[in-house]
Amino acid sequence: MNITVCIKQVPDTSEVRINPETNTLIRDGVPSIINPYDLHALEAALSIKDATGANVSVLTMGPPQADSALKEAVAMGADDAYLLTDRAFAGSDTWATANTLATAIRKIGFDLILCGKQAIDGDTAQVGPGIAEFLSIPHIAYVSKIDTITEECVRVHRLMDDGYDVVESSTPLLMTIVKELNSPRLPSLKGKIRAKKAEIKKISNSDIEIKENDTGLPGSPTQVKNIFAPESKKDRKTIEGPPPDQVSQLVDILRSLKCI
Amino acid sequence: MNIRVDKDVCTGCETCVTSCPYDSIIMEDGFAFINEYCQLCRACLSICPEGAIKEEGSGAGTSSESVDLDRYRGVLIFAEQRKGTLSHVSMELLGAGRRLANKLNTTLHAALLGADNNEAEELVRWGADKVFLCNDSLVRDFNDEPYTDLLSRIIDSNKPEIVLAGATAIGRSFLPRVAVRLRAGLTADCTSLEIEEGTRNLMQVRPAFGGNIMATIVCPDRRPQMATVRPRVMKKGEYDKNRKGEIVDIPLQAKTFKTSVIENIGDVSECGPGLQEAEIIVAGGRGMGGPKGYAMLKELSEAINGTVGASRAAVDEGWIPYSQQVGQTGKTVCPKIYIACGISGAVQHLVGMQSSDMIIAINKNPDAPIFNISNYGIVGDIHEIVPLLIRRIEEERSRK
């Protein structure tokens, strides 16, 4: 079985801030990490590899320096690593990104594609299902448990807002993974040594030949008009006094909010 | 459009390098260079002290096969149901959709899959002029394949200019497929929707970078403009029990699918209604001290008809199930009232709840970051405050 895992290198968003005066991002010293959900997707692929001997490829679309994310994935146990990088892909929104990744995946070959449920910089969760649509294969989003997996079909739990669904699907298939599924392993020493020597295969648009209007900015229906800081709470109040007084004030507030 | 560095003006000061959220500005031969990772977020434009970073060319989606925007009119919402009952978000979408339709002087339609006529009529009373209904029992359970087929067909034959769905597990799973199939723009998780003055463009505001930044997204050159909308953000439509509308039956074409739902398992936790639907959330953190603290929060949440939530610390300790986790690796919530008990307020937690209407925090540490985003802060021991609060609420109740 060939498993392709899509990963993304993202800034650690918990440290990204906006300067409310200039409306610009402040990210001095913000480290780049593998999107945390993608690590769960990679772990899922590696566990299947441990059980069945599948071949695991990792794929990322990004700038040349995203190869460090791929090396980390190889250190964890991925067999092949592909970096999809070209100026033609610049400015891709989720539609164009899904198209570009799908085109590359078609070239790499696949039985199973795994993605994290979303990337923590954009939080859209749109690229995974989008790839599946471009490849005309089914997908299951928010997979929290894998019951069975064979060459022909899978049976998994899909997290819903009101519980979970047990879902079956034929392969080839794309799944997006939530953190409940597993705990990602750490790279082994052997893996780290392997990663150092590992060849990162670069894919540019001359390899996959996507039309100019189907990737990058020209292929993106949406665009960012502007960015701004979220509103801050202006009416901050501290409730003082001994606990019984504090609770009395709190009860008044809850009453005014029609909670009681 | 393109953002590039004018080498004649760039002094190589590197100020812009750290301003880029995507690490796309690198130094090359002593000049700043914007590589292919650029997402055109414009964050760098105003940062350059020399004004060397420039925006060029026209907007996105200027594909050669241009779309006749005027062929698209009307607002369509995807009305979600679970087990045959409409989800809250459906009524909220009708509220948002009606406001946009009025502004555009057009109609409001709804698509409803897997429910019956009664629910379709309910959508009319909540504001839909027309409902496209597929009442086939095969689509009662959510299944991406037929949902994508049906909604794509409805959109294709009716050509709405705007399509809205809930940013729920269902909406976020299959709307991306519909958008890909129709080559339409889709914006995830919107918290505000307005029409741009002078055009019919939808300005879609959404949080990015874990809620630390808001972005306005537009889709100027393609239709429909599609968006998923966060539950509990938009106001419900106005209910009129005498409202009349048209119900159009949409048959299911293919009857076999590659994926199938075997069974639905409801939330087994006793934490109250689903977190994302909850109007009131009582959340606990490490400060709860153990499972007993959880029992106390449950009692409080029951007293005020809320749902129990948790920080990652409390979930990792095993005190509260993961289904209740709020934050970056849990759920994003925006209830009317969020009561944070013994939660210090790590950024990873704050990004999951900071858009709540009203935040009340109780924490021993007066310097806890949670107080910075709270409307009301109580410095105190939750083991003292919460039991007292429960007692006072019960007294209040018995007096009525």
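Predicted model: local features only at pLDDT ≥ 70, side-chain atom pairs only at ≥ 80, totals over all residues.
**Exercise 1. Helix against helix across the chains**

Work out how α7(A) and α8(B) lie relative to each other, and say which residues meet.

*Solution.* 
- Step 1: Classify the angle. Angles of 65 to 115 degrees count as roughly perpendicular and those under 35 degrees as roughly parallel, so α7(A) and α8(B) are oblique to each other.
- Step 2: α7(A) passes α8(B) in a right-handed crossing.
- Step 3: List the partners. On the α7(A) side they include A:Val247, A:Leu250, A:Val251 and A:Leu254, and on the α8(B) side they include B:Ile385, B:Leu388, B:Leu389 and B:Ile393.
- Step 4: Sort by class. The residues of this contact comprise 10 nonpolar, 2 polar and 4 charged.

**Exercise 2. The other neighbour of α8(B)**

Helix α8(B) also packs against α5(B); describe that pair in the same way.

*Solution.* 
- Step 1: Locate the partner. α5(B) spans residues 291–303 of chain B.
- Step 2: Take the two values. The angle is about 30° and the axes are 10 Å apart.
- Step 3: Classify. The cut-off for roughly parallel is under 35 degrees, and α5(B) and α8(B) are therefore roughly parallel to each other.
- Step 4: Note the hand, which is left-handed for this crossing.
- Step 5: Name the residues. α5(B) contributes B:Met296, B:Glu299, B:Leu300 and B:Ala303, while α8(B) contributes residues including B:Val386, B:Pro387, B:Ile390 and B:Arg397.
- Step 6: Count the classes: 9 nonpolar, 1 polar and 3 charged.

**Exercise 3. A second pair between chains**

Decide how α4(A) is oriented against α4(B) and which residues make the contact.

*Solution.* 
- Step 1: Start with the axes of α4(A) and α4(B), the latter being residues 169–182 of chain B. They come within 8 Å and cross at roughly 45°.
- Step 2: That angle makes α4(A) oblique to α4(B).
- Step 3: The crossing is right-handed.
- Step 4: From α4(A), A:Pro129, A:Gly130, A:Ala132, A:Glu133 and A:Phe134 take part; they meet B:Arg172, B:Ser173, B:Pro176, B:Arg177, B:Val180 and B:Arg181 of α4(B).
- Step 5: By class there are 5 nonpolar, 2 polar and 4 charged residues.

**Exercise 4. Two domains of chain B**

Describe how domain 2 and domain 3 of chain B meet.

*Solution.* 
- Step 1: Domain 2 is 69–249 and domain 3 is 275–399.
- Step 2: Their centres are separated by 32 Å.
- Step 3: At the contact, 8 residues of domain 2 touch 9 residues of domain 3.
- Step 4: The buried area is about 780 Å², with 42% of it from carbon and sulfur atoms.

**Exercise 5. Backbone exceptions**

Most residues other than glycine have a negative phi, and most peptide bonds are trans. Find the places listed below that depart from this.

*Solution.* 
- Step 1: In chain A, the bond from A:Thr171 to A:Pro172 is cis, with omega near 0°. A:Pro172 sits in the loop between β11 and β12.
- Step 2: In chain B, the bond from B:Arg223 to B:Pro224 is cis, with omega near -5°. B:Pro224 lies in the loop between β14 and β15.
- Step 3: A:Ser136 has a positive phi, near 55°, and is placed in the loop between α4 and β9 of chain A.

Methods:
Residues numbered from 1 in each chain as written. Chains lettered and ligands numbered in written order. Heavy atoms only, no water. Axes fitted to C-alpha atoms, helices over the stretch in contact; angles between N-to-C directions. Helix = DSSP H or I, 4+ residues; strand = E, 2+ residues; numbered from the N terminus. Parallel < 35°, antiparallel > 145°, perpendicular 65-115°, else oblique. Left-handed = near helix turned anticlockwise from the far one by under 90°. Contact = heavy atoms within 4.5 Å. Nonpolar A, V, L, I, M, F, W, Y, C, P; charged D, E, K, R; others polar. Domains from an automatic or database assignment. Buried area = accessible area lost by both parts, 1.4 Å probe.
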